[in-house]
Structures are given as C-alpha cells and as structure tokens.
Amino acid sequence: MRLINVSAFLDFHNSILEGKEPKLGTPLLEEVHSKKRYAILSHCWGASEKEIQSEEMENLAVMVKGMLGEKRDHEGYQKILRSSEQASKHKLDWIWVDVCCMDDESRSKVNGSFGWFKDAEECYVCLHDVDDMVPTVPDLERFPESGGWPRWFSRSWTLQELVAPRVVYFFNRNWKPIGDKKDLAFTLSKITRIPAYILKDGLSESLAERPSVAQIMSWAADRRASLVEDQAYSLLGLFGVEMSLLYGEGKDAFRRLQLEIILKYKDPSIFAWHPSTTAGHSDILADDPSCFRNCVDVVKMERGEFLHTIGNIPQEEQARIPEDFILGTTEDELLEIPEERLRTLDRALNPGIQIWLPLTPYRNPNGRVVLFKAKLACCRTGSQSDRRPLTVTLARTEANHYSRSFDKSDSSLKAEAQCYNWVLLPYCDPPQSDFKILLSDNALSHDEFTPQYTFPEEKRQGNTLTLSGIKDYVVVVYKNPKAKACFAVAFRSRYGVHSVQFFSDDSVSSGRFADHAYARDVFSRVRREVSEEVLSEEVFDMVKDPGHPLGTLVVKHAHLFSWSKTASIRTVYGQLSPDSCSVTIDIIQCPGDGCTPVWKELDADVSGFIFMAFISDYGTFHSSLFPMALRVFRGMLFHCSPNILCMNYSWIRCKPSLKSSLRWSLERMKCSLYVQSRRSG
C-alpha cells in the first residue's frame, strides 16, 4: 500500500513557501508493508490536469519552479495539502489519497479499497461545492446535476467511503470543518437513505445481522460513475464479494455482481427490484442499482415468520393444487421442509438460478395459466401485522423456467391455489421464437386508406409484422387524406395469445390527424390498458382445427364513424402455424347487429373469398400456398358453398342473400381474384 508521508510533504511545502530548496532525503510517497496508522481522503475527482497523479507526486520535489508553482495552485494539490494538515493535527504520520497513491497494480486490487477505508483511523471528506454547512434540504438550483445534494453524495465510489470508515470528518470548499459522520447521521441518512444506526455503528460482520441485499442496493440507486462498470465494482466491498475487473463489459458487470451476491447471501430480496419502465418482461437480474430505488425499507424475514404467512392455505384451495407441484399447504407441513430448501438459491449449470418459491398461478379468461405470483422471504418494515412477503410476477416460458413480468395487474386474471415448487429463473433473456403476422390490407386502398405509420417501424417488413418475446405490440395507422379520416390497428402477442384491436373514434379525427405522435400514443395506450381483447377459448380452438387447411377463420367488426356511418372495418384471423397467423383487413357495409367487436366463426362463403384475397396478396412470396388455395377454393365451390353460383374473370355472382353483406368486398376483390385465377391456370 502506497502512502503519503505527511511530515515529508508538509516540510516540502513549507520549504517552497519560504523560498528554500526542498530536502530530497525523504520520499513524499512510500510503499508501506507494515501496518501503519493512516488517514484517508474521500473526494470527487476534478479534471485530470488539475489533479496530482502518481508520477507527478513522485517527481514533485524535482520540478522546475514555474511548473511547481502552477501545480501548487491546482485544486488537487490543495486537497493533498489540507488533508495532510488535518492528519498532522491528529498525530497521524500517513495519509492515502487515491489519485496519487494508486498505481496500475493497486488499481487492479480495487476489490480491497473498502478495506483501505475501513482500516483508516480517520477519513476526510471534501465537499468541494459546499460553501458553509451540509445542506438539510435538497436545492436543485445549487446542485442541479446531483439531485439537489452536493455532488459527493451522487458518486458511486463515495458510498463505500462513507460507510466503511469508523470516523469521518466533513469539510467545505474552504476546508472548514462542518461536522462528522456520527453528529450528522440523521442528515446524512436523509440524503443517502442509509439508516442512521449504520452510519453510527457501521455494517455488521455477521451476514444475518446485515440489512437485506435489496436495501443495501437501494443506497446506490441514485449514484453514478464515469464508467458504467464502476456502478458494480464500487459495491464489491459493501457486500464482501470479489470478482475480476473487466472494463469494457458494460452492464454485464452488475449482472456478475448479483450472481456473486446470490452465492454468498442466499437472500431472495435481491429479486425485489423493479425497473424504471412500467411494463414488459425481463430476466431475473436487475440492469443497474437504480432498479432497487424503492427497496430502502425492505427487510429479511425469519424462517418461522415467513412460513407462518404462506402456510395458512384454506382447505377448499388445497384440492385445486396441481399434482406436479410440491404440496406445503399448512404451516406444520412447511415446517417439515428442510431449511436448506427454503434457502436454496444457487446458480444452475444452465444460465439460471434455482430456488424454491411459493407460487400462486393466475389464469386468463381462456383458462390458461399465464402468470404466477411468487412470494419472497422479505417484506417492508412496519407493524408486525402488516409484515407480508413481497411478491414478484413470473411468466412461465417452459417447464419450470420462468422470467420476470412487470405488467400491471389484470383484473381478468383469476388466482388459483397457492403451491410450493422448484423453479429455474434465467439470468439471460430466454430464447423466444418470433410470431409472424401476415397482414393483407391491400383491399383498403379501394377506399383510399393506406398504411401511413407503423410503430415501432422495425416491426414491419413489407406485409409481415414480427412480434417477439413473451409480450410484444405493434400499431399500424391507416389514413384517408381526402376524407381526413384515419384509424389504427393494434396487434398484440401475450403469453401465446394474440389479439387485434381497432382505434377509430371522433376524437382521433378532430385532433392530430394520423401523425407519428398519434401512432406512439396508441402504442402507449395499448401497453397501459389492463383488459385486452383476446380470442375466446372456443374460437382459439377453432382456428387451430387441424381439419381445415388454415383452420377455421374468425371475424369481428368495428364501426368507422369518422369516415362513414354505414362503414365497418372487418378483420379476419386465421392460424397458419404455431408461430404465424394471417390477418385480413377491409372495409364493408355495416352488417347491423353483427357489427360487434366480438370474434365469431366466419361464414364459409365469406371465408373462401377472404382466403383467396389473402393468397393473392402473398402469392408472389408464398408460392407454397397456391395448392392449398386451390383446394380450399374448389371445396368452397363444389362442396360447402351452395350460395355461390359461378365465377368468371370479371365478376362474381352471388345469391341476393349474400350481396348486401359482401358487395363492397367482392367489388374490391375481383381484380385480385382475376390475377390469381390467371396464375393458377
């Protein structure tokens, strides 16, 4: 450990002030191997040219006078000088200042920097942007870039520099003493969210007596570092873990830190974080400390208390627990589970974390289990009666593999009985196959509606929409410039269930007229909504009917009042494969009572025409569909559709019973049907 010799540095400085030649016998910077009593400086680094670096400190005594005089005026020199004077007053012969005491070798040992501060006799904190006392209320005018507090409180490394030393003295920019850590404990606690007792007594050596992992993480939530990796590396000492420093790895550093913490602490509160975004899904590990901002009051629960809160399951719920789940329905039964199982929290061979958790399944209106609420052995501080385990929401990606979900609670989901099971929580995004939507919207051009905007734009390539992951959205906005009418269609994929929703109301046309902002607003609205239109269980089974080449097609309608009081948007949905579907959109005459946003099985006659229109839109790119198209069309003509009398290349004739509902669509389809008929001979 390299330390500054306090007496040698002060003698050097005084000699310069008196115009004498400095004595060169004693080096200013020494490598110390035996244990010494030393002070330590904590500060915010300034510009590199204003600080005294390691090589400059070693050569300070031999600098020419002009250069030396310039260095003496720099802020870095003054910090070394003033902190050395404080050390001398307190009978300390050595002081450690990171800028000049760290060389390349010591920088690689930053894992031990927490210990350097902990072992120091005293720590001197320089608040370079404070004129008088430590502020007691945030002041955004004085400190706009650091949350209203002095900058020192916003830096990642200074967190350990506040917690580790036993004695900490604070100084303002003029090096006037303004208090110590114990006297300022309550003010410092308000600024940093660190409990006052920790500031007074320090962190316990016993892991059982330490605050929860989530709470310690929350202390770093609003702190920043020049290098993103340092947001993780600066926490190594607080958690007492070690790992290699790999500058350039970015946010993977914080991921590795969490894995090391999991191995040491077995504390499930590390999963109690929440991202800055309000929706979506993620793996089980947080991206950075800011995700723990709301965990300042999270505490660990003892085994008995935790089992008591999860063990009282009503008798009527016990019968509904699936057979493949480990049963622990009462507190007595749970007490028989080995304690190591309750604390199992380990890295698996695959990129995941193994843990036993109490799970509550939630089913959607289709009867599918889409989400699970998992209880963690931690809670928020409060009265004993209010101490309930925190829960996280999980989505099952495959057998016993789960990912985090951050969607708002959905009132349409029904809770099942609680069960206790082993789960694997991936700490990398689980591979999810993309879901393709083959969109046929060419018929809209006959009414002069064209797709204007797609949000996000990268989701659409030609007539193909790609939805990825467990949950995804895309919005397409259609516009008729002449009529100043528009509508939007939102496509959603959520845990294997897909939906299509229309947005067409008078407020759209009277406000912004189908611009990019409107597309983004619809996208945000779709994400915020709790309830969403999904295919009913019966219809979902229909579209997967293996007896139909494309399954049974389903249809729903929506009024388009902003364009015409008699117009209706029709959408037809058909399943192509487990990873793709077809959606055909056109405008028809309002079918009256049938114009409801409810999925219904499509009439066989209309099904054939819609399917042929879809094939004509995609025939160029999906030639493999041609034989299937002919089979469906022949079956429609000769077997299942007595309503259709004949078809030629210029017109399609129907019985009067069908004309009223199909006339608009048939007029718009005849060209595409004609082209397809010519191609297929």
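Mentor: What follows describes the pocket, then the aromatic pairs, then the confidence.

This is a predicted model, in which local features need pLDDT of at least 70 and side-chain atom pairs count only at pLDDT 80 or more, while totals for chains, interfaces and linings use all residues. Residues are numbered from 1 along each chain as its sequence is written, and side-chain values use heavy atoms, leaving out hydrogens and water.

The largest pocket holds about 650 Å³ of space. A pocket here is an open set of points on a 1 Å grid over the protein atoms alone, where a 1.4 Å probe fits, with protein on both sides within 12 Å along at least five of seven lines; lining residues have an atom within 4 Å of a point. The volume is the space filled by probe spheres set on the points, which are joined across faces, edges and corners.

The lining has 24 residues, and Trp45, Asp98, Trp157, Ser226 and Asp230 lie nearest the centre. By class it comprises 11 nonpolar, six polar and seven charged residues (nonpolar: Ala, Val, Leu, Ile, Met, Phe, Trp, Tyr, Cys and Pro; charged: Asp, Glu, Lys and Arg; polar: the others, Gly among them). Helices α7 (113–119) and α8 (157–163) each supply at least two lining residues, and α8 gives the most, with four. Helices are DSSP runs of H or I with at least four residues, strands are E runs of at least two, and both are numbered from the N terminus.

Helix α8 also contains Gln160. At 1% relative accessibility, Gln160 is buried (under 20% relative accessible area, with a 1.4 Å probe and protein chains only). Beyond four places in sequence, Gln160 touches Ser113, Phe114, Pro165, Ser234, Gly237 and Leu238, a contact being heavy atoms within 4.5 Å.

Turning to the rings, the structure holds 14 aromatic pairs (ring centres of Phe, Tyr or Trp, the last by its six-membered ring, within 6.5 Å; planes under 30 degrees apart are stacked, over 60 edge-to-face, the rest tilted). Phe171 and Trp175 form a tilted pair, 5.0 Å centre to centre with 35° between the planes, and both are buried.

As for confidence, pLDDT (the predictor's confidence in each residue, from 0 to 100) averages 75 over the chain, and 67% of the residues score at least 70. Residues 313–330 stay under 50. Where pLDDT is low, the predicted coordinates should not be read in detail.

How values were computed:
Buried < 20%, exposed > 50% of the residue type's maximum accessible area, 1.4 Å probe, protein only.
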